[in-house]
Amino acid sequence: MIDYKEKITAIIVLYNVTEIILECLKNLQNIRIIIADNGDNDPEIIKKIQENKNIIKYFKFKKNIGFGRACNFCFKYVKTDYTLLIEPDVLIEENDLSHLVNGINKYPNVGITVPTFVDINKNYIDKLENLPELNSLNTYHNYDGTFDGDVCVNFCWAAILLLNNNIIKNIGLFEKKLFIFWEDFYLCRRLKKINIPIIKIFKSKAIHYESTSTKRTIKSNFIINKHHLLSSYIYFNVDKKNFFLKKKLMIFLFRSISYLLVLNFKNSLKNLARL
C-alpha cells in the first residue's frame with residue numbers, strides 16, 4: 001500500500017451544512033483539507049469544523065457561488081498529487097483512501113478513481129450508471145449495473161472523487177456555467193471524449209448518506225429545484241427559444257398555481273422554482 005497521507009488534499013464545500021460533516025471529518029484527520037464556505041451555515045457547526053487542525057485553508061465567500069465554482073476556486077490552491085472532492089455526507093476510511101491512490105498508480109493515464117458505495121453494514125449497494133446520452137446504447141456489457149471488480153466507468157457521482165491532478169489540471173475541473181448539479185456529468189463526458197479513464201475501485205468503500213449534507217429550508221429547496229432542471233438544460237444545450245421550453249413553462253406555471261390553490265405549498269414552490 002502507498003502511504004497516501006502526504007499525497008492528498010481534500011476539498012469540501014459547505015452550504016447550510018448539517019452535523020454529518022463532523023463524521024466526515026473524523027476520517028480525514030491525516031490529510032490536508034480546504035474548506036469552501038458558501039454560507040447560511042450554523043455558527044456552532046462551523047466552530048466545530050474549524051477546530052480541525054488539518055484544515056490548511058478556509059475560504060468564506062460573500063455569496064453562494066455554487067458547488068462547481070467553489071471546487072474550481074479551491075483546486076487552484078492544491079499542491080499535492082491528488083485531490084479528494086468529498087461532500088459532507090460521505091464517509092470514507094483511511095484504508096479505502098489508500099485503495100483509491102493505489103488505483104491511480106495501478107492503471108495508466110487514469111484521471112479519476114472512485115470508491116464503491118456501501119450501506120452502514122458495509123454491504124455493496126453500488127450500481128454502474130451511465131452518461132444520459134449513452135443509456136440507449138447499452139454501453140455496459142452487464143446491463144443490470146452490477147460488478148465484482150475494478151471497472152472503467154462512463155459516469156461517477158461528484159459526491160466523492162479522487163482526482164489525478166497532473167491530468168485534471170491540464171483539462172480543467174467543473175463547467176463554470178453550472179451552479180449546482182450535472183457538474184459530474186459534464187466532467188465525465190469531457191474525460192470520455194479524450195479517452196481519459198475513470199476507474200471505480202471495488203475494494204474501496206464509502207458510505208453516502210445522500211441528501212443529508214444540507215439543511216432543507218424554503219430557500220435551499222428553491223435553489224435545488226431551480227438548478228437541478230436548469231443545469232440539465234445547459235448540459236443538453238437546449239435552445240432558449242425551443243418550443244419545448246415554452247411548453248414546460250406553461251406546465252410549471254399551471255402546476256404552481258394549482259398546488260397553491262389546494263394549499264400544497266411544497267409542490268407549488270417546487271414548480272415555481274422550475275418555472
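This is a predicted model: local features need pLDDT of at least 70, side-chain atom pairs count only at pLDDT 80 or more; totals for chains, interfaces and linings use all residues.
## Largest pocket

The largest pocket has a volume of about 1,200 Å³. It is lined by 44 residues. Closest to its centre are Glu-87, Phe-181, His-208, Glu-210 and Ser-211.

Five elements each supply at least two residues of this lining: strands β1 (8-14), β6 (112-118) and β9 (198-208), and helices α6 (183-193) and α7 (218-235). By class, the lining of the largest pocket splits into 25 nonpolar, 9 polar and 10 charged residues.

## Second largest pocket

The second largest pocket holds about 410 Å³ of space. Its lining counts 18 residues, and Leu-229, Leu-230, Tyr-233, Lys-240 and Leu-245 are the closest to its centre.

Helices build much of the picture here. α7, α8 (243-261) and α9 (265-274) each give at least two residues to the lining of the second largest pocket. α7 gives the most, with 6 residues. The class count for this lining is 12 nonpolar, 1 polar and 5 charged residues.

Empty space can be found by rolling a probe the size of a water molecule over the atoms. The structure holds 1 cavity of 30 Å³ or more. About 30 Å³ of space lies in the largest cavity.

Its lining consists of Ile-11, Ile-12, Val-13, Phe-67, Cys-71, Leu-85, Ile-86, Glu-87 and Ala-158. β1, α3 (67-75) and β4 (82-86) each contribute two or more of these residues. β1 has the largest share, with 3 residues. By class, the cavity lining has 8 nonpolar residues, no polar ones and 1 charged one. Glu-87 lines the cavity and is also among the residues closest to the centre of the largest pocket.

## Nonpolar cores

In soluble globular proteins, nonpolar side chains tend to be buried together. Here the largest nonpolar core has 46 residues. Ile-112, Leu-161, Leu-173 and Phe-174 have the most contacts inside it.

Leaving out residues up to four places away in sequence, Phe-174 touches Phe-67, Gly-68, Cys-71, Asn-72, Leu-85, Ala-158, Leu-161, Glu-183, Asp-184, Leu-187 and Arg-190.

## Cysteines

How many disulfides does a search of the whole structure find? The count is 0. Cys-71 is in no disulfide, and the nearest cysteine sulfur, that of Cys-74, lies 7.0 Å away. Cys-74 is likewise in no disulfide, with the sulfur of Cys-71 as its nearest cysteine sulfur at 7.0 Å.

## Positive phi residues

Asp-40 is not a glycine, yet has a positive phi of about 60 degrees. Asp-40 is found in the loop between β2 (32-37) and α2 (43-50). With a relative accessible area of 41%, Asp-40 is partly exposed.

Lys-122 is another non-glycine residue with a positive phi, near 70 degrees. The loop between β6 and β7 (151-152) contains Lys-122. Its relative accessible area is 35%, so Lys-122 is partly exposed.

Notes
Residues are numbered from 1 along each chain as its sequence is written. Side-chain values use heavy atoms; hydrogens and water are left out. On a 1 Å grid over the protein atoms alone, a cavity is a set of points where a 1.4 Å probe fits but cannot get out, and a pocket is an open set with protein on both sides within 12 Å along at least five of seven lines; lining residues have an atom within 4 Å of a point. Grid points are joined across faces, edges and corners, and a volume is the space filled by probe spheres set on the points. Helices (H or I, at least four residues) and strands (E, at least two) are DSSP runs, numbered from the N terminus. Ala, Val, Leu, Ile, Met, Phe, Trp, Tyr, Cys and Pro count as nonpolar, Asp, Glu, Lys and Arg as charged, and the others, Gly among them, as polar. A nonpolar core is a set of buried Ala, Val, Leu, Ile, Met, Phe, Trp, Tyr and Cys residues joined through side-chain atoms within 4.5 Å. Buried means under 20% relative accessible area, exposed over 50%, partly exposed in between (1.4 Å probe, protein chains only). Contact means heavy atoms within 4.5 Å. A disulfide is a pair of cysteine sulfur atoms within 2.5 Å.
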